[in-house]
Structures are given as structure tokens and as C-alpha cells.
Amino acid sequence: MPGTSRPAAATLDDTSKAIIEQLQEDGRRSYADIGRAVGLSEAAVRQRVQRLIESGAMQIVAVTDPMQLGFARQAMIGVKVAGDIARVAEALAALDGVTYVVMTAGSFDLLVEVVCESDDELIDILNSRIRGLDGVVSTETFVYLRLHKQLYNWGTR
């Protein structure tokens, strides 16, 4: 969940995993259809889905194309940090326009995805908000030119 440390992985039974996989294929699939696929009643599926959402194991969201919604600029920003990386990650996660923050190993301490309406907004986010945070040493911006693949159906283990 954004802005929080990750809890230990939930222990899910095969039925819960099958429900998740059904919803990864089609998040609008009815509880009745899912129930038929996994061998549960509609009510039982509804209860399990609610528990999966409440536990943080799953979210149901609409995935959009930012370009079609007026967000003409997307970028991934590599951030190098001096000091407490988690504190900087929390500060970045709280910024408007930031859609993704992850701690990494390698050349950058953090990767931050932003979605903006324009290049001017991207410059503002970089100069006024990200680079101004205490602990941010440097940034490198990777502007998205075209999205070739984005999937959310990686299944379960």
C-alpha cells in the first residue's frame, strides 16, 4: 500500500488465489461467474473478495491510459538519497502527480513514476518538489515516449 511498509505476504489458499486470477483477467467479472469458475457460491466469493481487499492483498481499480485522460507526460525518475531512504520515499509518495515509489538496489535508491499534464508540470515536480526534499542528492529523469506493454495479470504463487 502506498505510504506504508509492506506487511508479510498473506497466506492465501488455492481458492483465494483462483479468485484473484479471475479478477486479474477481468476486474468486472461477476461474483456469480467467479463462483462457477472456482466452485463457490456468489455470496462466498463476495465475502472472500472483501477480505482480500481489507487485508491489502488485492485492490480492484480501473487502469487507464493517461494520454487519453489529458496527462501528456509520464516519466520515471531515478533518485539518489543521502540519509534515510524510507523518509524520502514517504515524502515522495505524498506528492501530487507521483504514482509509484519503490526502493531499489543499484544506481538509484528510489524509482519514482510521475504522471503530468505537461512538460512544465514535470519541471515543476522535479525542481520545486522532488529536488527540494531534504536528502535528495540527485535525480535522473526517463521520459516515457511510448508505452509498449503494461500488464497486471501475473497470477499468484
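**Ground rules.** I number residues from 1 along each chain as its sequence is written, and I keep to heavy atoms for side-chain values, with hydrogens and water left out. Since the model is predicted, local features need pLDDT of at least 70 and side-chain atom pairs count only at pLDDT 80 or more, while totals for chains, interfaces and linings use all residues.

**The sheet.** I looked up the strands, which are DSSP runs of E with at least two residues, numbered from the N terminus, just as helices are runs of H or I with at least four. I found an open sheet of four strands in the order E2-E3-E1-E4, with antiparallel pairing, where two strands pair if DSSP finds at least two bridges between them. Its edge strands are E2 and E4 (136–143), each of which pairs on one side only.

**Pairs within it.** Between E2 (residues 98–103) and E3 (residues 110–116) I noted five bridges, and Val101 has Val112 in E3 as its bridge partner. These two strands form a hairpin with six residues between them, and Gly106 in the turn has a positive phi of about 130°.

**The aromatic pair.** My search of the whole structure gave one aromatic pair, where rings of Phe, Tyr and Trp (its six-membered ring) pair if their centres lie within 6.5 Å, and planes under 30 degrees apart count as stacked, over 60 as edge-to-face and the rest as tilted. The partners are Phe108 and Phe142, edge-to-face, at 6.2 Å centre to centre with 85° between the planes. Phe108 lies in the loop between E2 and E3 and Phe142 in strand E4, so the pair ties together parts that are 34 residues apart in sequence.

**The helix.** I then turned to H4 (residues 85–93), which lies across E1, E2, E3 and E4 and runs at about 170° to E2; contact means heavy atoms within 4.5 Å, and angles run from 0 to 180 degrees between N-to-C directions of axes fitted to C-alpha atoms, for helices over the stretch in contact.
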